[in-house]
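Look at the sequence and the fold below before reading on.

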Amino acid sequence: MISHIEKQFLFALFFITSVLFNGLSAQNISYYKDFNQIQTFKTINTVKFTTYTKTINDGLNSCYYWFKIETPSNKDNYIQFKNQHLTNITAFQNNKPLKPLKLERFYTFKTNATAPIFVKVESKRESFIPIKIYNDFQFHFHEKKQILLIGLYNGFAIVLLLLNLFYFLNFKDYTFLYYFFFLLSISFGLFISDGILNLFTIPKRIIDVIETLDHFLVAVTGVIFASSFLQVESYYPKLKYLSLSLVGIIGILSVCYVSSFNFFYYTILELLVF
């Protein structure tokens, strides 16, 4: 049995490691929804902010989100918005603009002053706004850890891809080749969602087009692989018409989104694909 003192020690250890490696508490953040989109950096300090207690997830709600962020010290602190679909974020501190750091996976701002930071997020797509505040050690540790995990997954995926290609070349079974392309499209989609393409300074619109095309390829390769692996043509021949219809709808939604960049089409597209 664990004694009371041991339980307290484990709790304290968990709390310290959580703060050390996962970032500072959300109690340093408050927000305001500007539905009329009329506030500016000069007037925003006059409104009443709400404490940011959990990640904002308002679906397709379109408005400006203002954040007031107070960093606990004058040492280097990093503020990161961990959603690669957020494309227009500006920040000010002491009435001076803060420039986002270059070559980061997500929008990231660095500050070394204790004055409050005001951030405006123009939510024209999805209103999913996860925020993390790190000190210098936490930020670099977290980014290295994430890059390591991404590398491990992609390394494992590459091994599976090579194995399926090897099996196809040896056994001439096209199911392995279909799975090869299906796994490749899924892995590339995860590669994009992890913000890796942002490290190559690719424009956001180009990333949008690439991600949409990848979603379509996931649907196409998934249908082909499933049909081959489950031998749908032999047991349920009419099911292919349903599959073709689904792929056709996904293709139309992809074209609609790329031509208009209306995030509603992208949302439906993701629901159908995943």
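Which residues does Lys120 touch, not counting residues up to four places away in sequence? The model that answers this is a predicted one. Lys120 has its place in strand S9. In the model it touches Phe41, Tyr64, Tyr65, Trp66, Asn88, Ile89 and Thr90. Is Lys120 buried or exposed? A residue counts as buried when its relative accessible area is under 20%. Lys120 has a relative accessibility of 15%, so it counts as buried.

Next comes a sheet. Strands of a sheet pair through backbone hydrogen bonds, and the pairing may be parallel or antiparallel. Here three strands make an open sheet, in the order S8-S5-S11, and their pairing is antiparallel. Strand S8 (107–111) and strand S11 (131–135) are at the edges; each has a single partner strand, so one side of each is left without a neighbour in the sheet. From one strand to the next, the twist averages 20°.

Strand S5, residues 77–81, pairs with S8 over five bridges in the antiparallel sense. S5 is also joined to S11 by five bridges, and these two strands run antiparallel as well. Gln80 shows both pairings: its bridge partner in S8 is Thr108, and its bridge partner in S11 is Lys132. For Ile79, the bridge partner in S8 is Phe109.

How many residues of S5 are buried? Five of the five are, so S5 is largely enclosed by the rest of the structure. In a regular strand, side chains alternate between the two faces of the sheet. Helix H2 (residues 136–171) lies across S5, S8 and S11, and it runs at about 115° to S11.

The largest pocket holds about 310 Å³ of space. It is lined by 15 residues, and those closest to its centre are Leu101, Lys102, Leu103, Glu104 and Asn198. Sorted by class, this lining has seven nonpolar, three polar and five charged residues.

The second largest pocket holds about 240 Å³. Its lining is made of 13 residues, and Thr87, Lys124, Arg125, Arg205 and Asp208 lie nearest its centre. Strand S9 (117–123) and helix H4 (204–229) are the elements that give two or more residues to this lining. Which element gives the most to the lining of the second largest pocket? That element is H4, with three residues. By class, the lining of the second largest pocket divides into two nonpolar, four polar and seven charged residues.

The last stop is Val273, in helix H7 (residues 263–273). With a relative accessibility of 17%, Val273 counts as buried. Which residues is Val273 in contact with, leaving aside its neighbours within four places in sequence? They are His215, Val218, Ala219 and Ile250. Val273 can also be compared with Val220: the two are 53 residues apart in sequence, and their C-alpha atoms are 9.6 Å apart in space.

Definitions and conventions: Residues are numbered from 1 along each chain as its sequence is written. This is a predicted model: local features need pLDDT of at least 70, side-chain atom pairs count only at pLDDT 80 or more; totals for chains, interfaces and linings use all residues. Side-chain values use heavy atoms; hydrogens and water are left out. Two strands pair if DSSP finds at least two bridges between them. Helices (H or I, at least four residues) and strands (E, at least two) are DSSP runs, numbered from the N terminus. Axes are lines fitted to C-alpha atoms, for helices over the stretch in contact, and angles run from 0 to 180 degrees between N-to-C directions. Contact means heavy atoms within 4.5 Å. On a 1 Å grid over the protein atoms alone, a cavity is a set of points where a 1.4 Å probe fits but cannot get out, and a pocket is an open set with protein on both sides within 12 Å along at least five of seven lines; lining residues have an atom within 4 Å of a point. Grid points are joined across faces, edges and corners, and a volume is the space filled by probe spheres set on the points. Ala, Val, Leu, Ile, Met, Phe, Trp, Tyr, Cys and Pro count as nonpolar, Asp, Glu, Lys and Arg as charged, and the others, Gly among them, as polar. Buried means under 20% relative accessible area, exposed over 50%, partly exposed in between (1.4 Å probe, protein chains only).
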